[in-house]
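Reader: Could you walk me through this structure before I set anything up? I will ask as I go, and I may jump between topics.

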Amino acid sequence: MSHTFLLEVGLEEIPAHVVTPSARQLKERVETFLKDQRLVFNKIDTFSTPRRLAVKITGLADKQNDIEEEAKGPAKKIALDKDGNWSKAAIGFSRGQGMSPDDIFFKELKGTEYAYVKKFIVGKTAAEVLVGIKEAVTSMIFPTMMRWGNNDFKYVRPIRWLVALLDKQVIPFSVLNVQTNRVTQGHRFLGNEVVLESAEDYPQALVTQKVIADAAERKQMIKMQIEKLAAQNNWKIVVDSDLLEEVNNLVEFPTVFAGSFAEKYLDIPDEVLITSMKDHQRFFYVLDQSDNLLPNFVSVRNGNDEHLENVVAGNEKVLTARLEDAAFFYHEDQQKTIEDYANRLKKVMFHDKIGTVYEKMERVRSLCKLLAAALDKENKLSKSEEKALDRAAQIYKFDLVTGMVGEFSELQGVMGEKYALLMGELPEVATAIREHYLPNSSDGVLPESKVGALLAIADKIDSIGAFFASGMIPTGSNDPYALRRQALGIVRITLARNWNFSADSLQKIIVQNYENEPILYKNIKPTENYDEMGAFIVERVKKLLSESKFGFDVIETASGVSNNSFVEMREAANILKSHQNDNDFKENIEALTRVLHLAKKAPNDATQKIDTSLFENEAEKDLFEAVSKIKVSGAATNSLEQLYAALGSLRPLIDNYFEKTMIMVEDEKVRANRLAQLLELSKLTQRLGKLDKLNVK
Amino acid sequence: MSEKLSLQDIILTLQHFWSKQGCMLMQSYDTEKGAGTMSPYTFLRAIGPEPWNAAYVEPSRRPADGRYGENPNRLYQHHQFQVIMKPSPANIQDLYLDSLRALGIDPNEHDIRFVEDNWENPSMGCAGVGWEVWLDGMEITQFTYFQQVGGLEVKPVASEVTYGLERLSSYIQDVNSVFDLEWAAGVKYGDIFGEPEYEHSKYSFEESNQEMLFNLFDTYEQEAKKQIKNGLVHPAYDYVLKCSHTFNLLDARGAVSVTERAGYLARIRNMAKSVAKVFVAERKKLGFPLLKDEKLRNKLLKEDK
């Protein structure tokens with residue numbers, strides 16, 4: 001006969017974002033427990049509300065599977081004495097297993113024969129086994145754990161009740177002083193406790209007590225009520241999935257309701273209104289059919305629709321107070337000029353060890369000029385873009401000290417754009433101010449304007465440079481200033497625009513800026529931790545490439561030369577990947593790798609000229625001429641595809657060269673000359689990355 | 001909610017309610033502070049093994065929040081109703097909800113939620129886990145299980161319930177500005193606090209003597225450290241509170257740069273941590289007199305320092 005088991009952990013309100021992952025975790029732990037215990041089941045359903053995490057297991061077996069197990073004892077030569085009688089060791093072993101020496105048989109294991117006995121273990125009943133499921137409850141791990149009362153035990157929130165029911169039977173165990181029972185709790189205000197007769201009664205028995213324990217069902221109720229409300233009012237209600245998930249985990253019984261605010265507040269920018277509603281109050285905002293924001297909101301009550309008018313009125317009052325504040329800031333902020341705000345940034349620290357935000361803007365402004373100058377011909381800024389970039393860089397952080405951003409910090413940049421336009425700045429300037437924060441997540445949107453893209457790169461590379469120079473280098477999961485995200489942002493913008501920046505060129509621009517205007521760098525020296533910073537940025541390129549499904553060795557190869565531009569790194573990866581399955585790929589790479597390895601022995605001072613008079617065989621001459629030809633034909637400026645083809649064509653010459661030529665000869669002059677020749681060739685391969693990292697086995 | 005409670009009725013109701021739950025009614029502590037948590041009736045008593053159940057009104061000064069009495073919801077000084085129960089009772093949430101019922105707020109007629117909000121006061125070495133309580137979308141209470149106070153593990157755990165009296169009263173009396181609240185029959189909040197709000201804002205933002213305040217901070221700090229050494233916990237703690245308030249005044253004046261800010265907060269934190277340690281040591285010398293469980297008491301007294 002199959003059984004049903006219910007396990008419910010009753011808690012004080014769990015943080016909304018923790019509910020769903022915790023339900024999943026409980027399910028996994030229970031599943032592992034049952035498998036370890038050889039207790040067969042059909043299905044595990046999970047249930048979760050702010051006050052409970054539960055699993056219901058159906059199709060559960062009566063008892064554990066019986067098992068026949070072989071127990072290994074001493075080696076045969078120890079188990080038997082000289083006369084072939086059982087030794088003490090053998091007798092002891094069989095007794096220890098509850099058997100006699102007659103049960104022993106021999107079996108070979110890795111060339112040695114050992115004594116074994118066969119044991120038959122009768123499975124325990126489900127009821128016996130399930131007592132141990134306590135472990136699944138107590139071993140749960142949460143992002144924040146707490147203690148309560150007199151206990152040292154830590155959990156997400158205090159445990160207030162436990163239900164453990166196998167069909168109609170309570171499985172007894174306790175956590176702290178909470179003993180399992182058949183009693184669960186209804187809604188905090190609208191329900192009573194429920195005595196469950198059987199595990200089967202869950203979760204239906206809770207519905208009458210105003211608890212919808214099935215999270216998916218609860219979410220569906222919210223969605224349907226929202227749709228109904230939208231249809232009734234001819235609204236578009238914007239249902240953000242994260243917000244819906246959060247709201248769903250703040251209620252046990254959802255009732256959707258709508259409220260409104262005075263139309264005059266619609267003068268405030270939409271972003272401010274939406275932030276107030278969505279982020280601060282967890283409201284859904286409402287649009288008309290042409291996507292204009294309406295003075296309405298939609299929220300979800302934890303309860304039924306009785307006395308809903310109180311709830312509506314209360315929520316309207318709270319939102320109105322927030323909007324009143326926002327309206328005040330919006331008005332007040334416009335009484336000052338951008339220059340007023342920019343000057344106030346002289347008193348705002350960017351970081352103690354680095355300097356003020358104003359100083360950062362000054363550095364970024366001159367960096368922008370250098371970056372713009374470094375762009376290749378086809379990507380140069382127009383005169384008007386240059387002007388816009390300079391103006392934007394001069395003021396781009398001004399909104400940080402406005403009242404609105406002080407209150408709604410998440411609107412930095414957004415308010416900068418709004419205020420810049422209101423205060424008479426050009427649209428290109430205003431847009432760049434907003435866009436310099438982009439991308440604001442690892443897959444966030446990139447700046448759309450060229451000016452915004454350049455300002456974004458300048459701002460980010462300045463931050464990374466300043467933190468590295470001050471020794472604040474991210475380690476492990478410790479990256480408080482999100483430098484990884486910013487470095488990734490730089491790489492993504494550069495790649496999307498096919499710009500020619502490399503980690504090295506960006507760093508050199510910082511150093512140049514420092515040399516031009518040392519006064520802007522009074523607390524920092526950008527030459528400090530220079531190599532670490534370069535490696536850090538290249539690491540982001542690798543990360544990005546690995547997400548595009550390039551092989552590990554291709555990524556290591558393509559990103560191996562830090563003065564390669566990000567675009568070239570990507571291109572090299574593409575080319576290597578596309579040729580990886582060619583018939584001659586292995587041979588080509590092996591030949592070049594041989595060159596690279598030997599070239600490493602050459603003194604890397606590049607002063608050694610290749611002296612053709614020291615050549616002793618034709619192979620040397622042939623290779624020299626072929627390499628010179630590639631150089632003359634402009635392999636450095638040709639596409640990487642052409643370079644790969646040219647290098648591939650050298651293979652027979654290289655093979656022949658090594659066959660005929662001994663490199664590490666006694667004669668110093670000849671040896672140096674040969675190494676110089678190999679070094680020259682190896683430099684030619686560098687644009688494809690570090691080819692010796694390729695796995696061609 | 002047919003008849004509207006005055007603010008003082010609300011205080012009286014809460015006092016009556018929590019005294020029935022076994023809380024001692026303490027009085028507001030007479031040194032300036034930024035929150036009810038900083039009263040020695042919470043900060044010190046939360047530490048150590050002795051049980052402690054208390055409730056009190058605490059006027060809380062936050063100079064930077066002053067708005068010259070012009071903003072309907074922001075104040076230089078607001079009032080908190082503070083409840084501290086150690087060890088945290090198993091039914092503390094139910095007790096809290098009953099206190100709302102006592103104020104005429106029937107949970108069935110509203111939407112009450114416990115929304116995650118973990119509390120931290122780094123300048124006093126405090127951290128806790130809990131919620132803000134929403135009443136129809138308005139935050140009316142901070143609810144915390146203290147995990148750490150003054151850098152020490154809180155054991156047993158103390159539960160703290162802090163009602164924002166102005167917020168709660170604004171809701172109960174249905175007014176849009178705290179200055180329109182009725183404190184007692186016929187007297188408005190603004191009648192009492194309007195003028196001080198303006199004057200304290202003017203003082204904090206424009207008139208305070210920065211040099212004097214910087215000097216005071218140093219003087220208070222020296223005295224606090226000296227009295228910590230002397231084992232005089234309560235005088236020492238008073239000076240820590242004075243340091244904290246003096247710093248808040250300087251901060252409101254914009255006299256402390258961000259760099260210096262971290263330094264000042266660290267100085268306050270270090271003092272708070274030392275006081276916390278000395279407090280436990282001194283209570284131990286006294287034999288943890290509030291601990292009525294003899295076995296536990298003897299065990300803890302035998303433990304090494």
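Reader: Which domains does the assignment give for chain B?
Author: In this predicted model, the domain assignment divides chain B into domain 1, covering 7–205, and domain 2, covering 209–302.

Reader: How far apart do the C-alpha centres of those two lie, and how many residues of domain 1 are in contact with domain 2?
Author: The C-alpha centres of domain 1 and domain 2 of chain B lie 22 Å apart, and the contact between them involves 27 residues of domain 1 and 26 residues of domain 2. On the domain 1 side, the elements that give two or more residues are strand E2 (52–61) and helix H5 (189–207) of chain B. Sorted by class, that side of domain 1 has 14 nonpolar, eight polar and five charged residues.

Reader: And chain B as a whole, how many helices and strands are there?
Author: Chain B has nine helices and eleven strands. Its radius of gyration is 20 Å, close to the 19 Å that the globule rule gives for 305 residues, so chain B is as compact as a globular protein of that length. The C-alpha trace of chain B spans about 60 × 50 × 30 Å along its principal axes.

Reader: What share of chain B is buried, and what share of its contacts join residues at least 24 apart?
Author: Of the 305 residues in chain B, 47% are buried. If one takes the contacts in chain B between residues at least 6 apart in sequence, 67% of them join residues at least 24 apart.

Reader: Switching to the interface, how many residues of chain B are in contact with chain A?
Author: There are 29 residues of chain B in contact with 27 residues of chain A. On the chain B side, two or more residues each come from strand E4 (112–116), strand E6 (126–135), strand E7 (138–149) and helix H8 (258–285) of chain B.

Reader: Which of those gives the largest share?
Author: That is E4(B), with four residues. By class, the side of chain B that touches chain A divides into 14 nonpolar, ten polar and five charged residues.

Reader: Now chain A, what does the domain assignment give there?
Author: For chain A the assignment gives domain 1 (3–63 + 126–207), domain 2 (67–121), domain 3 (215–333), domain 4 (350–547) and domain 5 (575–693). The centres of domain 1 and domain 5 of chain A, taken over C-alpha atoms, are separated by 68 Å.

Reader: What order do the strands take in the E4-E6-E5 region of chain A, and is the pairing parallel or antiparallel?
Author: Three strands of chain A form an open sheet in the order E4-E6-E5, with antiparallel pairing. Strand E4 (67–75) and strand E5 (105–109) of chain A are the edge strands, each of them pairing on one side only. On average, neighbouring strands of this sheet are turned by 45° against each other, direction ignored.

Reader: What packs on that sheet, and how many bridges join E4(A) to E6?
Author: Helix H3 (residues 88–96) of chain A packs on the sheet, where it touches E4 and E6 of chain A, and its direction makes about 160° with that of E4(A). Seven bridges join E4(A) to strand E6 (residues 112–121) of chain A, and A:Ala71 has A:Val117 in E6(A) as its bridge partner.

Terms used: Residues numbered from 1 in each chain as written. Chains lettered and ligands numbered in written order. Predicted model: local features only at pLDDT ≥ 70, side-chain atom pairs only at ≥ 80, totals over all residues. Pairing = 2+ DSSP bridges. Axes fitted to C-alpha atoms, helices over the stretch in contact; angles between N-to-C directions. Contact = placed C-beta atoms within 7 Å. Rg over C-alpha atoms; globule rule 2.2 N^0.38 Å. Buried ≥ 20, exposed ≤ 12 C-beta atoms within 10 Å, placed from the backbone. Nonpolar A, V, L, I, M, F, W, Y, C, P; charged D, E, K, R; others polar. Domains from an automatic or database assignment.
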